[in-house]
Amino acid sequence: MNATYDHLVAIVIVGIIFISTVVALPAMSFSNMQTVDEQQLRNTALNVFDSMLLSVGSPSNWGSTDPTLWDQNKVNQFGLASSGALSKYVLDPDKVQRLDPTNPAVMEYERVRTLLQLQDYGFRLSLFRPFSVNWTLSLTQSAVTFSVKVTRTEDGTPIPNADVRVTTMITASKLSQTNTSDLIYKAFDPKTYSTDARGKCQDIIETNLAGYSLQYAVAIIKVTVAGMSTTVVAQNDNPITKFIKINTFGDIVTLSFRNELSENETKSERRVIEIDAYDFENLYKIFDGTAMSPPELKVVQGQGYEYWSMKFQNLRALNPTVLLFVMQLTLKGQGRCLVLIAGPFSFGGSEEIFGFGPEPGPEKVIAIMTRLVVIADMTYVAKIAFWRE
Amino acid sequence: MSYLICSVGLIVLILVMPYFFSIERDSTAEQIAIRELTEISDYTSNTLENLYFLASSTNSATLTVSKDMIYLPLTVQDSFYTLSITSDGENATKVTAILNGKSIAGESWLIPGLKLTDDVSIDISKQSVTAYCQRNSTGFHVWLGGS
């Protein structure tokens, strides 16, 4: 019996030595190889990322094509850089908007992969704020209350003494509404604040509109930390805004309505009352629809949505960070009201503005790179996650 | 008896292991060569890309920019190699580095939109290499030259 155990122990020992020698050593060299592979994936990611951010693409103004003439197959080369920029990493806001899947004229992920010849790779391109900005905004009958908290994206550390500039616009309705003249909107002069030691600031803006009840409010919040600025659009809870989207195509502005909007409104007329452009400092009125015979808005039917478009001379040169629409809609259960819509980007999020491409699978080796980029004079963090398919 | 088994086992192991290790060594050497070649093609691809961005950032309609590729090694795993830009017809698609006389190669992604001239392949054993990018009315052309 002891001899049998003796043999078994000997066989096991020899087996362990054999297997560990044959299997473990190659596995060790494989892990070294994998490190080299990761480095080479990073090299490719760097080249692809630079190509996206530094190349203007072909045609050089492909993002500004009129939405009615848009065909993604007419884009011969992909690149997001602004064609007139003197500096590097300045992106064209029109081109970046074409990556948004809710856009009437969208560039699809597969088309971008084909143009970049990335058939063997996958990627996700995301835009983030350089720091995190959380906000709250609520309304009483006559006042707008807001609070802002500025923190570092990396670890959530509060940022004190951040410069916060708030430009507010509200819409209100007379308590006893009889006609459209009882609906008003008003923009307030920008006010400047500083965050405290907790990275917070807050205020109550009294509207002083006796006899009126506030309906909607939008606060365009520009936060500046160490010379770097980001803009957040805070607004009170409004289910309508997610069905209405603003886009720009060079000098053309479009306002698209998803078909789901019709479930929330009656068939009454929709009107654009006013369009304002925010250029980092102030709101500028670029369209007044209150005139007796307002300029004609072109209506185009799309798949799952319809949109209005209008051309504004020199809009592209003005390069506004935010466009603010005052819309007159007739909503079910609420009646006629003025609604505020902000765009073109979804500035409501505290960190990520938007992402393009699928999320990588958990099993994939991913190279991640980030760059500071400038879009419409505002700094963002562009991030690419890159992997082999 | 166990001493005998262990001794025989170790002797067999000592005799057999060189064979396994020779297979593993060859495989590892090939893998290292592929990665070295990929590193070389990455460097070439990156150089061509930088030349393209430099050429496209000017207002000059016609110009040629070049860069000596001084960090290219003469050999990989003691073998000379050939550097080439491959295409899908007219447009350059990738940079490939291949060991001379062997089918071991590494390749790298190349920024789309670059066109090729005739000379797209160069044997590193004979000369130092310069990367070129020319902008003209037909687009951006890239090639590798020796000196």
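This is a predicted model: local features need pLDDT of at least 70, side-chain atom pairs count only at pLDDT 80 or more; totals for chains, interfaces and linings use all residues.
Residues are numbered from 1 along each chain as its sequence is written, while chains are lettered from A and ligands numbered from 1 in the order in which they are written.

Let's start where the chains meet. Chain A puts 29 residues into the contact and chain B puts in 25 residues, with two residues in contact if their C-beta atoms, placed from the backbone, lie within 7 Å. On the side of chain A that touches chain B, helix α1 (residues 2-54) of chain A gives the largest share, 24 residues. Helices (H or I, at least four residues) and strands (E, at least two) are DSSP runs, numbered from the N terminus.

Now for the backbone. Most residues other than glycine have a negative phi, and most peptide bonds are trans. In chain A, S58(A) and P59(A) are joined by a cis peptide bond, with omega about -5°. You'll find P59(A) in the loop between α1 and β1 (90-91) of chain A.

Over in chain B, look at the loop between β1 (63-68) and β2 (81-87), where Q77(B) sits. Q77(B) isn't a glycine, yet its phi is positive, about 55°. D78(B) is in the loop between β1 and β2 of chain B too, and this non-glycine residue has a positive phi near 65°.
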